[in-house]
Amino acid sequence: MDKVRIFNTMSRQVEEFEPVKTDGTLGLYHCGPTVYSDPHIGNLRTSMFVDVLKKMFRLAGYNVKHVSNITDVGHLTGDSDHGDDKMEKQAAKEGLSAWDIAKKYEAMHWQFCEYLNIERPTVVCHATEYIQQQINFVKTLEEKGFTYRTSDGIYFDTSKDDAYGYLARLDKEGLRAGDRVDMGEKKNPTDFSLWKFSPEHEQRQMEWDSPWGKGFPGWHIECSAMSIEHLGTEFDIHAGGADLMSVHHSNEVAQNCAYTGHRVVKYWMHGAFLNMGGEKMSKSKGHVQTIKTELVDKGINPLAYRYLCLTAHYRSQLNYTQEAIDASATALARLNAKVIEV
C-alpha cells in the first residue's frame, strides 16, 4: 500500500495513516442524510468529499469497506433533543406516511448522487432496520451507569465522561455558565437523549417497544450502533460534515467510549460548509439549492458542480454563486473537449 497522510480532526494534525487492520482493508463510516426533504447541494458536497476520499484510498491499494447510514427516524427539529421528529413533521405537511417520506427523499438522494458520479457505499444502513441493536446499545450504557431517566426519555450523563467534547474542543464550563441550552430535566447542558418516549395519548407512526417504554431512538445512538455492527469496535475513519462535529459526533465519541471502554474511531475527518450568499446552506432556514433546481432544470451539467467542489480544499468553506458554477461548467466543457481531441 502507498503511504497516505490525512488530517485527523481529533488531534488537529496531519498524520500518516496507519490502518487498524494489517490485511489491506479499511473501515470507513460516513454520516448519511436525514431523508425528510430535498437533498441540497451543500449536503452533496460532503458526499463528494467522502467519495473522493474512498477512491483515493482505493488507488493507494486499500480495500475500502464504506458504510453509510440513512436517518429515517429520530432526528428532531432541534438538534438538542427538543422539537418534533423531522420525519413525522414532514409527513404531516405533505399528507404522506413517515415511511413514504423516507422512501421519497432517499430515492431523490441516490438520484442526485448518480448525477454527480458519487459511488454508493458498500453497506447502506437504515436506522429503522437497526432498532434492536440500538436498544441493546442503550441497555449496555445503562448497565455501566452512564444513563438516567427523565419524563421524556433515557439520557446519557456526560458528566461521567471527563473527555466529553474534546473532538470539537467544546467549552463545557462555558456552556454551563452561559445557560445557552434548554435544560428541561437534563442534569447537564451537554447530556443527550438515547431513547425518546412517545408522547402520552398520541400514537406516532414510527415507534417501538423497549425496556423503558414505547418510543424511538435518539439521533446519535443510530450511528454508533450501526457503525460498530458493520465495522467492529475499532475502525479507521469516521467522516461527515463539519456541522456534525460539536453535537452529533461528540456524542458518538462519548457513547462509543462508554460502550467499549476505548475510542472506536482512529481518524475523524470533516468536510467544510458550502455557503450561499455568505451563509451556510441550511434546510432549516430554507436557505438551499438542489441539484435539480439549480443545475438540471437550467441545463447545466451536474458534473460542473463536482468540478467546482474539487477546486477547493475539502476543509475550506466554498461560496456557491451563479458566476462560480457558470465558470466551472465552461471549464468542464473545455476539459471534455481536450479529452475528445486526444
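Predicted model: local features only at pLDDT ≥ 70, side-chain atom pairs only at ≥ 80, totals over all residues.
**View A. The ring pair of F49 and Y314.** Because the ring centres of F49 and Y314 lie 4.5 Å apart and their planes meet at 5°, the pair is stacked. F49 belongs to helix α1 (residues 41-59) and Y314 to the loop between α9 (303-310) and β16 (318-320), so that distant parts of the chain, 265 residues apart, are linked; helices (H or I, at least four residues) and strands (E, at least two) are DSSP runs, numbered from the N terminus. F49 counts as buried at 10% relative accessibility, where buried means under 20% relative accessible area, exposed over 50% and partly exposed in between (1.4 Å probe, protein chains only).

**View B. The ring pair of F156 and F192.** With centres 5.0 Å apart and planes at 15°, the rings of F156 and F192 are likewise a stacked pair. The pair connects strand β9 (residues 153-156), which holds F156, with strand β10 (residues 192-197), which holds F192, across 36 residues. F156 is buried at 0% relative accessibility, and F192 is buried at 1%.

**View C. A ring cluster and two charges over rings.** F17, F57, Y62 and Y267 are joined into a cluster by ring pairs. The charged end of K187 is placed over the ring of Y148, 4.5 Å from its centre, and R315 lies over the face of Y314 at 5.9 Å from the ring centre; a charge sits over a ring if NZ of Lys or CZ of Arg is within 6 Å of the ring centre and within 35 degrees of the ring normal.

**View D. The lining of the second largest pocket.** Of the 22 residues that line the second largest pocket, F197, S198, P199, R204 and F216 lie nearest its centre. β6 (82-85), α2 (86-94) and β10 each contribute at least two lining residues, and β6 gives the largest share, four residues.

Residues are numbered from 1 along each chain as its sequence is written. Local features need pLDDT of at least 70 and side-chain atom pairs count only at pLDDT 80 or more, while totals for chains, interfaces and linings use all residues, and side-chain values use heavy atoms, with hydrogens and water left out.

Key: Phe/Tyr/Trp six-rings, centres within 6.5 Å; stacked < 30°, edge-to-face > 60°. 1 Å grid on protein atoms, 1.4 Å probe; cavity = no way out; pocket = protein on both sides within 12 Å on 5 of 7 lines; lining within 4 Å.
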